[in-house]
Amino acid sequence: MSSDQIVINVDETLEIDYLVEETSDSSVSINGSSNSNPPSIDYLKKQTAVINPSKTGTYEIELNGQIIELRVTDIPSEPVAKSDLVAWYPFENEAEDETASDPSYGDLTDYTGSISGATKSNNGVTDVLRQTSSGTAYDLSGNSTNQINLPDSAVQTGNSTRTTMCWFEVFEDTGDRQMIVGSANGESGQAWEMEVYNVYNGSGFRQQALGIHTWSGYNITNSGVIGLNEKHHFAATHNGNPSDIQIYLDGEPVDVENNNHNSSSLNTSSNNHRIGYSEAHSTGEHSFEGLIDDFRIYNRVLSDSEIREVYDATKP
C-alpha cells in the first residue's frame, strides 16, 4: 500500500482523482476470439474526491487502497515581511537567491551563491510555500572547508539594522565553535557570525549554546538550549546597538548574555560572506558539522511575532 504526503493551506480545496472498480459495463465486449475462455475485463471508473479542510493538522486519507497523508497549515501565501527580504536561500535550486530581480522583495540584486564541497540533502525543513513535503538542505559536514560562498554585501553591512535566520541541525560536538554564517575579515567589530558554541571565549564554558560574534564581543545564550541531531530555527536581530543584539530559538526570544559589547557601532565587512565557514579564521577552523537550510537576510529588525510566523510557516 503506497503512501504520499500533500501539504495545503487551511480553507483551500483539494481535488484528488482515483480509479474504482465497477461490476459491469454493457458497452464493452470482446469479439473474434475462438478461445472458450475469453480474456477477463476489469471495469474501472475515475472518481474525484473533493476535500475542504477547515482546521489545521495532519490527516490520513485512504482512496482505494492508497494512503495519502494530508498536512493542513495556516500560513501566509508569501514569505513574511517580503518587501524587507534582501536575500533568501531556500536551497531548492542550489544556492539561488529567491529575491533576485523581483521588485516585490527588498533588494533587486542577485546574491546567488556558489557551492564549495557542501552536498544536497533531502532532509531539510518542510517547504510549505512550494507545496512540497520536505525541502532540500545543504550538508556541510565531512570536510572542514565545505562552505557556501555568498557575494559581497549579501549580508547587511556596516551598522545597518538586520535580521538573519536559518534552520540548522548539528551532527557532531566538535568541542569548538561551529560557524553557521560567517561574515568577517578579522578586524574588530567588522563581523557578523552566527555560531553554535561548545566553548566560550572568556570566563568559563558554554556548551550547546547559540551566539553572535562581531569580533568586538559576543552575545550568547545559556548552555544546553540545543542538542545533536535536532532541527532548530536560529534568528538574530541588530537594531543599531550591538549590545542589544537579540537571539531567537525556534521562534521565541531567548535570554542572551552580552559579553564585551558596548554601544560602539558595528561595522560589518562587505565581503567574505560564507555559510558554514568563516574566511576570517584559520583554514578549516570552526567549520560546521551538520545541515543548514532556508537562510534569510532582512534589512530591518523583525518583530517577535514576525519571527514566530516564519518559524511556524517552515517548521518540520
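This is a predicted model: local features need pLDDT of at least 70, side-chain atom pairs count only at pLDDT 80 or more; totals for chains, interfaces and linings use all residues.
## Basis

Local features need pLDDT of at least 70, side-chain atom pairs count only at pLDDT 80 or more, and totals for chains, interfaces and linings use all residues. Residues are numbered from 1 along each chain as its sequence is written, and side-chain values use heavy atoms, with hydrogens and water left out.

Most residues other than glycine have a negative phi. Glu 94 has a positive one, near 55°. Ser 101 is not a glycine either, and its phi is positive at about 65°.

Glu 94 sits in the loop between strand S6 (85–89) and strand S7 (114–116). Ser 101 lies in the loop between S6 and S7. Strands are DSSP runs (E, at least two residues), numbered from the N terminus. Glu 94 counts as partly exposed because its relative accessibility is 45%. Ser 101 counts as exposed, at 59%. Exposed means over 50% relative accessible area, buried under 20%, and partly exposed in between (1.4 Å probe, protein chains only).

## Cavities

The structure holds five cavities of 30 Å³ or more. A cavity is a set of points, on a 1 Å grid over the protein atoms alone, where a 1.4 Å probe fits but cannot get out. Volume is the space filled by probe spheres set on the points, which are joined across faces, edges and corners.

Lining residues have an atom within 4 Å of a point. For the second largest cavity they include Val 170, Asp 173, Asn 198 and Gly 227. This lining divides into four nonpolar, three polar and one charged.

Definitions and conventions:
Helices (H or I, at least four residues) and strands (E, at least two) are DSSP runs, numbered from the N terminus. On a 1 Å grid over the protein atoms alone, a cavity is a set of points where a 1.4 Å probe fits but cannot get out, and a pocket is an open set with protein on both sides within 12 Å along at least five of seven lines; lining residues have an atom within 4 Å of a point. Ala, Val, Leu, Ile, Met, Phe, Trp, Tyr, Cys and Pro count as nonpolar, Asp, Glu, Lys and Arg as charged, and the others, Gly among them, as polar.
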